[in-house]
Amino acid sequence: MLDFNIRGENLEVTPAIREYVEKKVLKLERYFTEGANATAHVNLKVYNDKQTKVEITIPMKNLTLRAEERHDDMYAAIDLIVDKLERQIRKYKTRVNRKFREREGVAAFLQSVEKERSNNEEQTNDESDFEVVRTKQFDLKPMDQEEAILQMNMLGHSFFIFTDADSDGTHIVYKRKDGRYGLIETN
């Protein structure tokens, strides 16, 4: 069951907009298991050039779905973002099904998927001042590097920290400027 938290910046969220967002995003519920409760955080922004930006984040127990879209027409942006989220879910389910075939069961895979808390933190770059403005803590769950890359991409982040299921070491995967991926292993 999806709940909604819809916010507007430079925009009043009218009942018509709210109804449209809820109607479109609720179509994603068919991909969720029975009893899955989540809150869809929807942020609608309008800029001075009348372009709109729609951001949707749906944090769940083992997965966080997130997408954003800019468009001149807010309703078109909502349609596009729901399509993006649907592609993410399908891609995720395909990988889960493949892991299920490769391993003993999907339950082992789902337990290993790390839910990273958002790391959208601002950092000051002043050479004399390295002030930490935000601290986050989270549990690292065992997974392989492919699962870590999948989770990183689904969150829209450029790096992801995880515990390697084979070596039990803490590793970091990251997206390189050339679009490929890197891995940092610790001893």
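Select strand E3, residues 52-59, and then E4: eight bridges join the two, and they run antiparallel. Strands here are DSSP runs of E with at least two residues, helices are runs of H or I with at least four, and both are numbered from the N terminus. Two strands count as paired if DSSP finds at least two bridges between them. Now pick Glu 55; its bridge partner in E4 is Glu 68.

A word on the model: it is predicted, so local features need pLDDT of at least 70, side-chain atom pairs count only at pLDDT 80 or more, and totals for chains, interfaces and linings use all residues. Residues are numbered from 1 along each chain as its sequence is written, and side-chain values use heavy atoms, with hydrogens and water left out.

**The sheet**

Show the four strands together. They form an open sheet in the order E1-E2-E3-E4, with mixed pairing. Look at strand E1 (2-9) and strand E4 (64-71): each has a single partner strand, so one side of each is left without a neighbour in the sheet. On average, neighbouring strands of the sheet are turned by 10 degrees against each other, direction ignored.

Contact means heavy atoms within 4.5 Å.

**The cores**

Next, select Leu 2, Val 25, Val 54, Ile 56, Ile 58 and Leu 65. These have the most contacts inside the largest nonpolar core, which has 30 residues. A nonpolar core is a set of buried Ala, Val, Leu, Ile, Met, Phe, Trp, Tyr and Cys residues joined through side-chain atoms within 4.5 Å. Buried means under 20% relative accessible area, exposed means over 50%, and partly exposed lies in between (1.4 Å probe, protein chains only).

Which elements give two or more residues to this core? They are E1, H1, E2, E3, E4, helix H2 (74-102) and helix H4 (145-155). H2 gives the most, with eight residues.

Zoom in on Leu 2. Not counting residues up to four places away in sequence, Leu 2 touches Val 25, Leu 26, Glu 29, Phe 32, Ala 38, Ala 40 and Ile 58. Apart from this core lies another, of eight residues, among them Ile 149, Met 152, Phe 160 and Phe 162.

**A buried lysine**

Go back to helix H1 and click Lys 24. Is Lys 24 buried or exposed? At 17% relative accessibility, Lys 24 counts as buried. Leaving aside neighbours within four places in sequence, Lys 24 is in contact with Ile 78, Asp 79 and Val 82.

**Salt bridges**

The whole structure holds 11 salt bridges. Each is a side-chain nitrogen of Lys or Arg within 4 Å of a carboxyl oxygen of Asp or Glu.

Select Glu 86 and Arg 30. Their closest N and O atoms are 2.3 Å apart. Glu 86 lies in helix H2 and Arg 30 in the loop between H1 and E2, so the pair ties together parts that are 56 residues apart in sequence. Glu 86 is buried at 12%, whereas Arg 30 is exposed at 58%.

Glu 68 forms a salt bridge with Lys 53, at 3.6 Å between the closest N and O atoms. Glu 68 is partly exposed at 30% relative accessibility, and Lys 53 is buried at 10%. Finally, select Lys 45, Lys 53, Glu 55, Arg 66 and Glu 68: salt bridges that share partners join them into one network.

Terms used. Axes fitted to C-alpha atoms, helices over the stretch in contact; angles between N-to-C directions.
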